Structure formats: C-alpha cells, structure tokens
Amino acid sequence: LSSGTNALKFRTLIEQLGAGTRVSVLIDEYDKPIIDHIDDLPRAEANRQVIRDLYSVVKGSDGFIRFFFVTGVSKFTQVSIFSDLNNLNDITLDPAYSQMLGYTEEELKTYFAAYIEPIAKRYESVYPDIYQAIKEWYNGYSWDGEHFVYNPFSILKFLSQRRFADFWFSTGTP
C-alpha cells in the first residue's frame with residue numbers, strides 16, 4: 001500500500017479506532033459506484049478496483065474489527081471485490097436473519113404506538129384500522145417467504161410526515 005492511497009487511509013482509520021476497542025465497520029450499498037456506471041464499463045471496472053483495494057484491508061485488519069457488515073444489490077461473490085475476504089457469511093436468504101432488516105409488526109406496535117395514535121385519529125374516517133393501512137402500504141418484503149418486515153425508511157418518513165405516500169419508490173430513479 002502506498003502512503004497516500006485510500007486503502008492505506010482506511011487501514012489507518014480502522015487500526016487507530018480499533019486500537020482500544022475493536023470497531024464495527026458498516027457499509028451500505030457497497031456496489032453503488034459500480035452500478036452507477038454499469039453503462040460505462042471502463043469506469044465501472046476502475047471503481048471496482050478501488051473498492052477491491054479498500055476491502056482488501058479488512059482481512060489484514062481483522063484484529064481491530066469486531067463486526068463487518070455490508071449491504072448491496074448485487075451478489076458479492078459474483079463481483080470479485082471481496083476475493084481477499086474468503087470468510088464472509090452471506091445472510092441474505094438465511095431464515096435466522098429474516099427479520100433483521102426491517103420492523104416487525106410487533107416492533108411497530110410496541111415502539112411506535114405513541115407516534116401512530118395521532119396519525120390514526122387524523123385518518124380514522126379513511127382508515128378505520130390504521131395498522132392494517134400501514135401494513136398495506138409498508139409491510140412490503142420478506143427474506144424467507146414467511147416473515148414480512150416493514151420498510152424502515154418508509155415507516156420513519158410516514159411517522160415524520162404523518163401521511164401515507166410511496167416514500168421508498170421516490171428515493172430511486174425509475
């Protein structure tokens with residue numbers, strides 16, 4: 001690693017932060033720099049190489065890392081970014097984690113009831129059962145085909161704006 005590379009900076013950051021207590025590294029949408037340039041293959045490949053260099057640091061810094069969690073839309077084993085990391089565990093379709101990335105109905109009723117009640121009063125003539133309406137709008141995905149979870153982004157926007165809308169759809173580019 002040369003002294004000014006992003007990979008060296010990433011390693012230094014992990015090692016400095018993890019010197020006392022091991023760190024957690026959370027990376028969302030790891031593949032976005034590639035997918036954003038999928039129509040420009042030289043650029044996508046250059047981005048893939050930069051990302052690969054960054055992630056090659058993780059295995060060598062294992063002693064400083066407590067937890068490494070990565071999300072993306074492409075299967076990481078098919079992108080060859082993580083070829084140096086042969087100890088990753090893909091939990092995408094693992095039933096043990098099927099309710100990890102979203103709110104369950106129980107969590108919604110337990111932790112958000114105080115926020116939902118004023119919205120329920122506002123919409124009682126349109127949606128007599130506010131929880132059923134929330135379920136129809138935002139209980140949209142399942143990782144195991146059995147348990148469904150509410151979209152966290154949409155739920156938080158719904159609670160913040162106190163109205164129903166296609167919040168998740170509006171974040172993407174059609």
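Where does asparagine 151 lie? In this predicted model, asparagine 151 is found in the loop between helix 6 and helix 7, the latter spanning 152-161. Because its relative accessibility is 10%, asparagine 151 counts as buried; the cut-off for that word is under 20%. Leaving aside residues up to four places away in sequence, asparagine 151 touches Tyr138, Tyr141 and Trp168.

Tyr138 is also one of the buried residues of helix 6, which runs over residues 130-138. In general, an α-helix has 3.6 residues a turn, so residues three or four places apart point the same way.

Tyrosine 131 takes part in a contact at the start of helix 6 as well: its backbone nitrogen has a side-chain oxygen of aspartate 129 within 3.2 Å.

Elsewhere, helix 1 packs with helix 3. Two packed helices are described by the angle between their axes and the distance between the axes. Here the angle is about 35 degrees and the axes are 8 Å apart. The crossing of helix 1 with helix 3 is right-handed. The table lists the residues that meet.

| Helix | Residues of the helix | Residues in the contact |
|---|---|---|
| Helix 1 | residues 6-17 | Asn6, Ala7, Phe10, Arg11 and Ile14 |
| Helix 3 | residues 41-60 | Asp53, Leu54, Val57, Val58 and Gly60 |

By class, this contact of helix 1 with helix 3 has six nonpolar, two polar and two charged residues.

Key:
Residues are numbered from 1 along each chain as its sequence is written. This is a predicted model: local features need pLDDT of at least 70, side-chain atom pairs count only at pLDDT 80 or more; totals for chains, interfaces and linings use all residues. Side-chain values use heavy atoms; hydrogens and water are left out. Buried means under 20% relative accessible area, exposed over 50%, partly exposed in between (1.4 Å probe, protein chains only). Helices (H or I, at least four residues) and strands (E, at least two) are DSSP runs, numbered from the N terminus. A polar contact is a pair of N or O atoms within 3.5 Å; within protein, one must be able to donate a hydrogen and the other to accept it, and residues adjacent in sequence count only if both atoms are side-chain atoms. Contact means heavy atoms within 4.5 Å. Axes are lines fitted to C-alpha atoms, for helices over the stretch in contact, and angles run from 0 to 180 degrees between N-to-C directions. A crossing is left-handed if the near helix is turned anticlockwise from the far one by less than a right angle, and right-handed if clockwise. Ala, Val, Leu, Ile, Met, Phe, Trp, Tyr, Cys and Pro count as nonpolar, Asp, Glu, Lys and Arg as charged, and the others, Gly among them, as polar.
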